[in-house]
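Dear colleague,

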Amino acid sequence: MTEGACILGIETSCDETAASVVEWRAGAPRVRSNVVSTQHELHERYAGVVPELASRAHLERIVPVVREALAQAGCAPAQLAAVAVGNRPGLIGSLLVGNAAAKAYAWSLGVPVLGVDHVAAHLVAGLLGAPAPQWPALGLVVSGGHTHLFAMQDPLRAQLLGRTIDDAIGEAFDKAATILELGYPGGPRVDATSDGGDPRAVAFPQPHLTERSTRRATTGAGTDGHARPASAAAAAPATDPALDFSFSGMKTALLYAVRGVPAVPGRPAPAPPEPLTPQRVRDLCASFQHAAVAQVLRGLARACDQLATDPARAPRTLLVGGGVSANRHLRAQLQALAAERGLDLRLPPLAYCLDNAAMIAALAHWRLAAGERDPWTLAPSARSTLGAAGAAGALGAPTAG
Ligand code: KG4
Ligand code: ZN
């Protein structure tokens, strides 16, 4: 790492236009500026992100947001060592805007451009401004698009251990809020509405994923999607379903709790649903959140148990990132688990849980220090290269043409 080197990060994968300058200083990535322009107001009436609206808004906002990030950092463009962009996964039209902007800035400044996997970047959000952690680490990404568990040797080498087989946890929170008519984005609203609710009022189902699956194999790719000699990952078996997650059953159970269980011909009519009083909504939010968090904690505990059997992989640190890591109940439970297991928990401050460009620039520092850079054909991709099915598709950053 070059002491004092600054990287401009750009993030446009979904509904946040973000730019940040991150400096490498005293062994850690330090945030000099972190500008996020959220588009929630544009998408709220649709209860979800409308891709076309999102890409247009990115186009309008990207240049002012980058200028603001440079100004707040007190950083002249000529001082930048590289420009990094979250180029996968995400909405392809949105990613294109950030990708094109990053290449244009990098080209005009004569510095390297680096594409970064957004999911991998969430894993290092808890390392911003913090002392270097001890490796190996257990990594958890809980966001609107991902619920992924990783065994990590360092920021550039992660092996996928388990992931959701249907909805991501944040998506489940968002759908729960839609069912309960709490608005968008749902996660923070379910979190806030759970205050005063009884987490045991409704027993939401926990999935039982036990059969070993061969539908996908973990890859030997690094967290930026580039092939690396990751011995553990190279020899990795298919992910263990005991470490997978499933949130769609909980969502259906909530729908039935609110609207009633559908009648089946020839069977006794089901009981009508309880009236949706304000207290009932609070109870449903608290119970839903409790069940979702319990599932994540169960996966983490199982992963700790499995990794503990191999001294080379036994985690010393727990890295957590993604929008759902802002959830108060999850944060409290993670702290308890880390204390119980003797793990150094790196939970990002709220500003770095949600989508931001500081985490993109931070991961790019590790890539740059490893001597990596991407070609000018760097292209965006809707899919993450982390844990993609089949190794071939995961090797190398996507390039155009
Ligand atoms: O990481 P992120 O900003 O974007 C993605 O990469 O998807 O995560 C957004 C997700 C949304 O689903 C949002 O509802 C959820 O994070 N979220 C929360 C909370 N704050 C944001 N979920 C539960 N509790 C929260 N406090
Ligand atoms: Zn994200």
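Two strands are said to pair if DSSP finds at least two bridges between them. Helices (H or I, at least four residues) and strands (E, at least two) are DSSP runs, numbered from the N terminus. The model is a predicted one, in which local features need pLDDT of at least 70 and side-chain atom pairs count only at pLDDT 80 or more, while totals for chains, interfaces and linings use all residues. Residues are numbered from 1 along each chain as its sequence is written, chains are lettered from A and ligands numbered from 1 in the order in which they are written, and side-chain values use heavy atoms, with hydrogens and water left out.

Five strands make up an open sheet with mixed pairing, in the order 3-2-1-4-5. Strand 3 (28-38) and strand 5 (113-117) are the edge strands, each pairing on one side only. On average, neighbouring strands of this sheet are turned by 25° against each other, direction ignored. For this and later angles, axes are lines fitted to C-alpha atoms, for helices over the stretch in contact, and angles run from 0 to 180 degrees between N-to-C directions.

Strand 1 and strand 2 run antiparallel and are joined by six bridges; one of the bridge pairs is G9 with S20, the latter in strand 2. These two strands form a hairpin with four residues between them. Strand 2 and strand 3 also run antiparallel, with ten bridges, and V22 has V31 in strand 3 as its bridge partner. Here the hairpin has two residues between its strands, and A26 in the turn has a positive phi of about 50°. Strand 4 (residues 80-88) and strand 5, by contrast, pair in the parallel sense over five bridges, and G86 has V116 in strand 5 as its bridge partner.

Which helices pack on the sheet, and which strands do they touch? Helix 2 (residues 51-73) touches strand 1 (6-11), strand 2 (16-25), strand 3 and strand 4, and its direction makes about 25° with that of strand 2. Helix 3 (residues 92-109) lies across strand 1, strand 4 and strand 5, running at about 160° to strand 4. Contact means heavy atoms within 4.5 Å.

G27 is found in the loop between strand 2 and strand 3. With a relative accessible area of 39%, G27 is partly exposed. Leaving aside neighbours within four places in sequence, G27 is in contact with E3 and A132. G27 and T2 are 25 residues apart in sequence, and their C-alpha atoms are 9.6 Å apart in space.

Salt bridges

How many salt bridges does the structure hold? There are 18, a salt bridge being a side-chain nitrogen of Lys or Arg within 4 Å of a carboxyl oxygen of Asp or Glu. In one of them the side chains of R25 and E23 meet at 2.5 Å, N to O. R25 is partly exposed because its relative accessibility is 37%, whereas E23 is buried at 7%. Both residues belong to a network of salt bridges that links E3, E23, R25 and R32.

Elsewhere, R157 forms a salt bridge with D154, the closest N and O atoms being 3.0 Å apart; R157 is partly exposed at 26%. D167 and K175 meet at 3.4 Å, N to O. Of this pair, D167 is buried at 7% relative accessibility and K175 is partly exposed at 30%.

Helices 9 and 10

Helix 9 (residues 278-308) and helix 10 (residues 328-341) pack at an angle of about 25°, with their axes 10 Å apart. The two helices are therefore roughly parallel to each other; angles under 35 degrees count as roughly parallel, over 145 as roughly antiparallel, 65 to 115 as roughly perpendicular and the rest as oblique. Residues of helix 9 in this packing include Q289, V293, L297 and L300, and those of helix 10 include L330, L334 and L337.

D191, in helix 6 (residues 186-193), is buried, with a relative accessible area of 8%. Not counting residues up to four places away in sequence, D191 touches Q289, A326, N327 and R328.

Technical notes:
Buried < 20%, exposed > 50% of the residue type's maximum accessible area, 1.4 Å probe, protein only.
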